[in-house]
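Keep the sequence and the model side by side.

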Amino acid sequence: MSDKLKEKMISALTWRTIDRFGQQGVQLIITLILARLLTPDDYGLIGLLSVFIGLSTVLVDGGFGQALIRDKEAKEVDYSTIFYFNIFISILLYIVLFFATPYIAAFFKQPQLTDIGIVLFISVLFNALYVVPYSILIKIFDFKRIAIINIFATIVSGAIGIFSAFHGFGVWALVIQQVLFQLIWAICGFLLVKWRPQFLFSFSVIRKFWSFSIHLLGTTSLNVIFNNLYVLIIGKFYTKSQVGLYSKASKLSDAYSYVFQSILQSSTYSLFSHIQDDKERLIRIYRNIAGKISLVNFPIIAILVATAKPLIFILLSERWLLCVPYFQLLCLAALFTPFYNLNITALNAKGLSKITLRLEIIKKALILVSVFLCFHWGIQAMLVGYVAACTFSYFISTIYLRKELHLLVKEQIKDIFTPFLTGITVFIGSIVFIPFVHNYYLLFSLQVIAGVGIYFILLYFFHREFLHSSWSFVKQQLSRTGFFK
């Protein structure tokens, strides 16, 4: 990796880390407050509409955002055309959703969803305004501005959401929070990005990007639908309270997995796109990233699963304890997700979006089979099936990576096997206190201390190079801020 590209990558990872942990840290505080002011029913109502918001966001982007990032010779007509096309699609989608909300409410037998949906779906219009500015920032590795906007939008929208919940707005506090976040991003995106759309539009631009973006659109659409599949099933066949419990468990598990994956996915996609024509270099960097991911991901998942009950009690209060098994299973489902996504990113960077769509179809088929087989036994059984489907999907993706990049499956497994054993050891060390300690605060403290302690001992004896390089990186970043001066 050239010094210039390496410096860009380090800066991207640094600011992406600040962004994700900063935003999720603020969001966690907001969630803790709102969880005490609102009920599982309130979260359940919003959860029922999440699939429509997510799918609309994907359709607005249409895969063109990543196409712009990947195109090394994108021109002004490309950016302006995609900008206007995004706005047109968002308006069309809002009209469809506006008239569909009564039918959505009738499907879930929740009449109040009609009014909630009409307001909440406005966020789709705001989202369209910053697809291109966001893509530009990623393309030039300017993750600093993305971090500033994300954290600012989260703080402001969250504060107003808390204010609304405190004054008895109920579920509308969550609606206000989500719509405001998108509006603030749209405004800040134009204020901080030195780009303005020109009066240019060309259908040839749409056609140029279509062959690449259509497969991404299919992939991301499938992701949104299936990420919300269990919400739809629970919402249809169970109570809105159970939807709220599942949604909260999903949000908590995403607080880590989404942070970790989004840091890597956006920055590695830019990196892999830059070196897409140098296969040997791409493989070398891929393996290095995969090895480091595994040394972070497996132990953290182990601690989250082990400490789930005291963690949720401390964060959300006793009335949310019923979501503990959901949270644990969703964390386990995310065990191999970073590596699956890394494989998808590498293939997309090579322009193989058709193959990544095929992989997503296979994964979704496995999820559907698991739902069909496990539905009779309830929500937890369906989530066990989900864990199995996600795990099998990763191993299938390794086969495609071998075929397209000539990276042997055994080498991919070898890169993560020892860290996987590290995670198992951390988990065992974290659960030994459970039968003997009944105070949740003390239990959580002991579990974290034991898990983290074992983790660093194992790093010192078996992964010392990673430990030293990580510490050197931290010191380097802190020295830039003047921390050691």
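A crossing is left-handed if the near helix is turned anticlockwise from the far one by less than a right angle, and right-handed if clockwise. Helices (H or I, at least four residues) and strands (E, at least two) are DSSP runs, numbered from the N terminus. This is a predicted model, where local features need pLDDT of at least 70, side-chain atom pairs count only at pLDDT 80 or more, and totals for chains, interfaces and linings use all residues. Residues are numbered from 1 along each chain as its sequence is written, and side-chain values use heavy atoms, with hydrogens and water left out.

Begin with the whole protein. It has 21 helices and zero strands. Of its 485 residues, 53% are buried (under 20% relative accessible area; exposed is over 50%, partly exposed in between; 1.4 Å probe, protein chains only). The accessible surface is about 22200 Å², and carbon and sulfur atoms account for 69% of that surface (Shrake-Rupley method, 1.4 Å probe). Contact means heavy atoms within 4.5 Å. Among contacts between residues at least 6 apart in sequence, 82% join residues at least 24 apart.

Now take two helix pairs. Axes are lines fitted to C-alpha atoms, for helices over the stretch in contact, and angles run from 0 to 180 degrees between N-to-C directions. Angles under 35 degrees count as roughly parallel, over 145 as roughly antiparallel, 65 to 115 as roughly perpendicular and the rest as oblique.

Helix α2 (residues 40–61) meets helix α11 (residues 229–237): their axes come within 9 Å and cross at roughly 135°. That angle is why α2 counts as oblique to α11. The crossing is left-handed. From α2, the contact uses G47, L48, S50 and V51; from α11, it uses V231, L232 and G235. By class, these residues are four nonpolar, three polar and no charged (Ala, Val, Leu, Ile, Met, Phe, Trp, Tyr, Cys and Pro count as nonpolar, Asp, Glu, Lys and Arg as charged, and the others, Gly among them, as polar).

The second pair is α14 (residues 308–316) and α15 (residues 324–333). Their axes lie 9 Å apart, at an angle of about 120°. So α14 is oblique to α15. This crossing is right-handed. A308, K309, L311 and I312 of α14 touch V324, F327 and Q328 of α15. Five residues of the contact are nonpolar, one is polar and one is charged.

How many residues of α15 are buried? Seven of its ten are, so the rest of the structure largely encloses α15. Those buried are V324, Y326, F327, L329, L330, C331 and A333.

Helix α7 (residues 131–139) is mostly covered, with eight of its nine residues buried. They are V131, V132, P133, S135, I136, L137, I138 and K139. Just after α7, F141 takes a positive phi of about 60°.

Finish with two single residues. Q182 sits in helix α9 (residues 171–192). Its relative accessible area is 17%, so Q182 is buried. Setting aside neighbours within four places in sequence, Q182 contacts S123, F126, N127 and Y130.

L401 belongs to helix α18 (residues 379–405). Its relative accessibility is 0%, so L401 is buried. Beyond residues up to four places away in sequence, L401 touches Y286, N343, A346, L347, H406, L407 and Q412. A346 is 55 residues from L401 along the chain, yet their C-alpha atoms are separated by 8.4 Å.
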